[in-house]
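Me: I am new to this one and would like a friendly tour. Could we go through it together, one question at a time?

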Amino acid sequence: MDVEALLSWFYENRRDLPWRSDRTPYGTWISEAMLQQTRVTTVLDYYPRFLKHFPDPESLASASEDSVFKLWEGLGYYSRARNLMRGAKYICEHFDGALPSSPDLLLEIPGIGPYMAGAIASQAFQVASPAVDGNCIRIYCRLHALPLIPSEKSTYNEVYERVRKDIPSDNPGDFNEALMDFGSLVCTPKSPRCSTCPFATECSANLLGKQEDFPLKKPKKETPVEEHTILRIFVGKKILVRKRPDSGLLAGLYELIDMPGHLENHEVEAWVMENLLQGSKECSSEPDIRVLGTSKHVFSHLRWNMLGYEIILPADTTIAKNASQLGELVTMKKYDTLAFASAIRAYR
Ligand code: SF4
């Protein structure tokens with residue numbers, strides 16, 4: 001890798017990002033966590049808002065999970081938010097409230113893996129530490145025509161070793177950031193801009209005319225599909241919600257009533273009769289049910305195909321009591337403060 005050429009390209013083309021202009025170890029950590037699996041343009045909105053509410057590890061460590069999740073709402077992968085809270089507590093307990101500069105010590109912090117430790121150490125503390133992610137693997141595999149599969153450990157080790165040899169000790173942070181920007185702006189996964197690339201004449205994949213063949217692609221597995229029925233239920237002016245368990249998919253987030261499979265209108269009606277109207281004076285009248293339509297959400301490993309219904313029931317103590325067996329009836333004011341999974345955005 002021609003490091004000088006990469007850095008020259010970076011100084012002319014680098015992106016103006018808020019966590020760069022006011023670089024701090026804490027801000028670097030938060031931005032790196034947000035950028036995992038999320039596009040830079042999305043993070044631009046979330047980052048300043050998050051920093052305003054939680055400006056340091058101490059404020060984040062003492063925050064309630066609901067308040068952190070609310071600020072995270074829409075970013076997805078909520079385990080990142082939970083890890084940041086756990087990490088903040090660890091930093092307060094073990095490092096006196098300040099992130100350490102050593103990659104080894106950073107790795108002790110819950111939620112910080114090798115890539116993030118390298119990124120924080122190099123960008124915030126100028127420690128020559130590789131930060132190897134998918135971008136970096138793609139660039140090195142193309143430059144050297146390495147026939148490697150990105151998700152394999154041996155690929156990571158091979159690229160890490162090459163980056164370790166290349167990373168300059170005088171400005172390692174710029175080097176890692178340059179790789180990041182170069183992978184996002186020039187050596188993109190599809191249709192890389194080889195005609196404007198400073199490495200065009202030395203890049204093995206380009207010389208072979210096989211840029212998109214590197215790195216190798218892992219054979220795709222079919223994504224499993226689950227069907228869900230989502231019920232938006234009003235009892236008077238309140239709405240029925242429930243909190244998901246503390247572990248597993250979408251842990252700790254709020255949801256509407258969610259049932260497996262796609263229920264038909266008459267099945268929803270029977271369910272409402274049995275679970276909500278039972279014992280009430282409304283049990284002989286037909287519930288007001290409206291179809292909200294279908295929507296889908298794709299997780300990294302799973303797809304949900306959803307069908308939604310809205311059910312409007314009158315304010316009634318027996319119905320409210322039945323509803324409390326299924327979840328919590330909340331006012332619309334409280335509803336707006338709760339963090340919901342973006343998977344059910346279409347029905348909120
Ligand atoms: S020449 Fe093309 S494939 Fe090679 S590093 Fe540059 S952009 Fe990537």
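This is a predicted model: local features need pLDDT of at least 70, side-chain atom pairs count only at pLDDT 80 or more; totals for chains, interfaces and linings use all residues.

Me: How many helices and strands does the chain have?
Reply: Helices (H or I, at least four residues) and strands (E, at least two) are DSSP runs, numbered from the N terminus. The C-alpha trace spans about 80 × 50 × 30 Å along its principal axes. In that chain there are 16 helices and seven strands.

Me: What percentage of the residues in the chain is buried?
Reply: Buried means under 20% relative accessible area, exposed over 50%, and partly exposed in between (1.4 Å probe, protein chains only). Of the 348 residues in the chain, the buried part is 49%.

Me: Which helices do the buried residues of H10 pack against?
Reply: Helix H10 covers residues 134-143, and nine of its 10 residues are buried, so it is largely enclosed by the rest of the structure. Among these buried residues are Ile-137, Tyr-140 and Leu-143. Packing is judged by contact, meaning heavy atoms within 4.5 Å. The partners are helix H11 (153-166), helix H12 (172-185) and helix H13 (204-208).

Me: How far from Cys-141 is the nearest cysteine sulfur?
Reply: A disulfide is a pair of cysteine sulfur atoms within 2.5 Å, and the structure holds zero of them. Cys-141 is in no disulfide; the nearest cysteine sulfur belongs to Cys-136, at 9.4 Å.

Me: Is Cys-141 buried or exposed?
Reply: Cys-141 is one of the residues of H10 listed as buried. Its relative accessible area is 0%, under the 20% cut-off, so Cys-141 counts as buried.

Me: Where does the ligand sit?
Reply: On a 1 Å grid over the protein atoms alone, a cavity is a set of points where a 1.4 Å probe fits but cannot get out. A molecule sits in one if more than half of its atoms lie within 2 Å of its grid points. By that test, the ligand sits in the largest cavity.

Me: Which residues does Leu-216 touch?
Reply: Leu-216 is in the loop between H13 and strand E1 (225-235). With 33% relative accessibility, Leu-216 counts as partly exposed. Leaving out residues up to four places away in sequence, Leu-216 touches Pro-147, Leu-148, Ile-149 and Pro-150.

Me: What is omega for the cis peptide bond that joins Phe-214 and Pro-215?
Reply: Pro-215 is found in the loop between H13 and E1. The bond joining Phe-214 to Pro-215 is cis, with omega about -10°.

Me: What is the phi of Ala-145?
Reply: Ala-145 lies in the loop between H10 and H11 and is buried, with a relative accessible area of 19%. Although Ala-145 is not a glycine, its phi is positive, at about 45°.

Definitions and conventions
Residues are numbered from 1 along each chain as its sequence is written. Side-chain values use heavy atoms; hydrogens and water are left out. On a 1 Å grid over the protein atoms alone, a cavity is a set of points where a 1.4 Å probe fits but cannot get out, and a pocket is an open set with protein on both sides within 12 Å along at least five of seven lines; lining residues have an atom within 4 Å of a point.
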